[in-house]
Amino acid sequence: MKIVAVANQKGGVGKTTTAVNLAAALAEQNREVLLIDLDPQANAGSALGVPSVAGKSLYTALVDGKNERSLGDYLQPTTVPHLQIITAELDLAGCEIQLAADDQRLTRLRRLLQKFREGNPAVEFVIIDCPPSLGVLMTNALAGADSVLIPLQCEYFALEGLARILEMIEWIKRVSGHESLATEGIVLTMYDARTNLSQQVVSDVRQHLGDKVFQTIIPRSIRLSEAPSHGKPITSYDPTGVGAESYRQLAKEFLRRQA
């Protein structure tokens with residue numbers, strides 16, 4: 001089981017879109033996937049047509065250190081074969097206050113994930129959709145993941161945001177003792193081939209980070225924007241479109257990197 005956090009503290013970079021559609025594309029490859037929505041806005045669940053249900057997010061499991069329930073108790077099915085989800089709810093935002101003074105706040109999710117890994121060998125990939133902030137929820141996800149996948153919007157401030165998330169990964173490695181945390185890679189999103197800016201961002205990121213940048217680039221697509229409102233991943237909503245093909249290629253490249 002590999003645990004991948006999809007994270008960027010900057011909002012609007014295609015983070016949830018990437019988490020949902022990468023998970024769906026991996027499931028389409030007959031891989032057993034669990035998507036965990038850690039964003040209190042609960043967009044990942046709605047993008048898959050799975051509504052938030054009170055008590056089905058990880059809020060209680062995270063704030064109650066004596067809670068004996070496992071992650072398996074929170075799983076819900078989706079309409080995509082081989083893909084399950086743990087949805088979010090607004091209560092998750094309370095973790096920021098509830099865990100602020102807890103000495104073990106960084107490792108709450110890690111302990112839950114370790115227990116789940118030991119008891120659920122059928123799940124091959126856990127994809128965590130992080131909130132767009134550098135708070136307790138994101139740091140828990142980073143401290144509990146094996147690697148971090150960073151969606152990066154092809155726009156002007158992209159490199160500034162990238163530097164901050166890379167610094168956060170190094171900080172998490174130090175303070176949580178999780179030295180094996182790796183950068184899975186950077187996925188360039190919202191690419192518009194018609195603009196010089198998008199092309200320049202791609203060039204700059206590849207120059208600075210080399211093979212850490214996925215070859216697959218996710219283009220701007222109206223269909224990608226529409227799909228969540230229909231409660232479907234892009235592979236179901238527009239299966240032959242450019243967005244679906246891009247995420248399929250990303251999933252294949254992701255799998256090749258695991259070899």
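Colleague: Among contacts between residues at least 6 apart in sequence, what share joins residues at least 24 apart?

Modeller: A contact here means heavy atoms within 4.5 Å. Among contacts in the protein between residues at least 6 apart in sequence, 78% join residues at least 24 apart. Before going further, note that this is a predicted model, in which local features need pLDDT of at least 70 and side-chain atom pairs count only at pLDDT 80 or more, while totals for chains, interfaces and linings use all residues. Residues are numbered from 1 along each chain as its sequence is written, and side-chain values use heavy atoms, with hydrogens and water left out.

Colleague: How many helices and strands does the protein have, and how is its radius of gyration to be read?

Modeller: Helices (H or I, at least four residues) and strands (E, at least two) are DSSP runs numbered from the N terminus, and the protein has 11 helices and eight strands. The radius of gyration is taken over C-alpha atoms, and the globule rule is 2.2 Å times the number of residues to the power 0.38. For 259 residues a compact globule would come out near 18 Å, and the 17 Å of the protein agrees with that. The C-alpha trace spans about 55 × 40 × 35 Å along its principal axes.

Colleague: What percentage of the residues count as buried, and which residues have the most contacts inside the largest nonpolar core?

Modeller: Buried means under 20% relative accessible area, exposed means over 50%, and partly exposed lies in between (1.4 Å probe, protein chains only); by that rule 54% of the 259 residues are buried. In soluble globular proteins, nonpolar side chains tend to be buried together. A nonpolar core is a set of buried Ala, Val, Leu, Ile, Met, Phe, Trp, Tyr and Cys residues joined through side-chain atoms within 4.5 Å. The largest such core has 52 residues, and I36 and I128 have the most contacts inside it. Leaving aside neighbours within four places in sequence, I36 is in contact with L58, L71, I86, L113, V126, I127, I128 and D129. A second, separate core of 35 residues includes V20, L48, L224 and I234.

Colleague: Is helix 6 mostly covered or mostly exposed?

Modeller: Helix 6, residues 136-144, is mostly covered, with nine of its nine residues buried; among them are V136, T139, N140 and G144.

Colleague: Where is G243 found, and which residues does G243 touch?

Modeller: G243 is found in helix 11, residues 242-258, and is buried, with a relative accessible area of 1%. Not counting residues up to four places away in sequence, G243 touches L224 and I234, both of which are included in the second core. S246 also has its place in helix 11 and counts as buried at 9% relative accessibility. Apart from residues up to four places away in sequence, S246 touches T216, I217, I218 and P219.

Colleague: Which residues is G45 in contact with?

Modeller: G45, which is found in helix 2 (residues 43-47), is in contact with D37, V50, I85 and T87 once neighbours within four places in sequence are left aside. G45 is buried, with a relative accessible area of 2%. Separation along the chain and separation in space are given apart for G45 and T78: they are 33 residues apart in sequence and 9.0 Å apart, C-alpha to C-alpha.

Colleague: What is the phi of N30, and where is N30 placed?

Modeller: Most residues other than glycine have a negative phi, and most peptide bonds are trans. N30 has a positive phi of about 65° although it is not a glycine; its place is in the loop between helix 1 (15-28) and strand 2 (33-37), and N30 is exposed, with a relative accessible area of 54%. M190 likewise has a positive phi, of about 55°, without being a glycine. M190 is found in strand 7, residues 182-191, and counts as partly exposed at 22% relative accessibility.

Colleague: Which residues does E124 touch?

Modeller: Not counting residues up to four places away in sequence, E124 touches M1, K2, N30, R31 and E32. E124 is found in the loop between helix 5 (108-119) and strand 5 (125-129), and counts as partly exposed at 29% relative accessibility.
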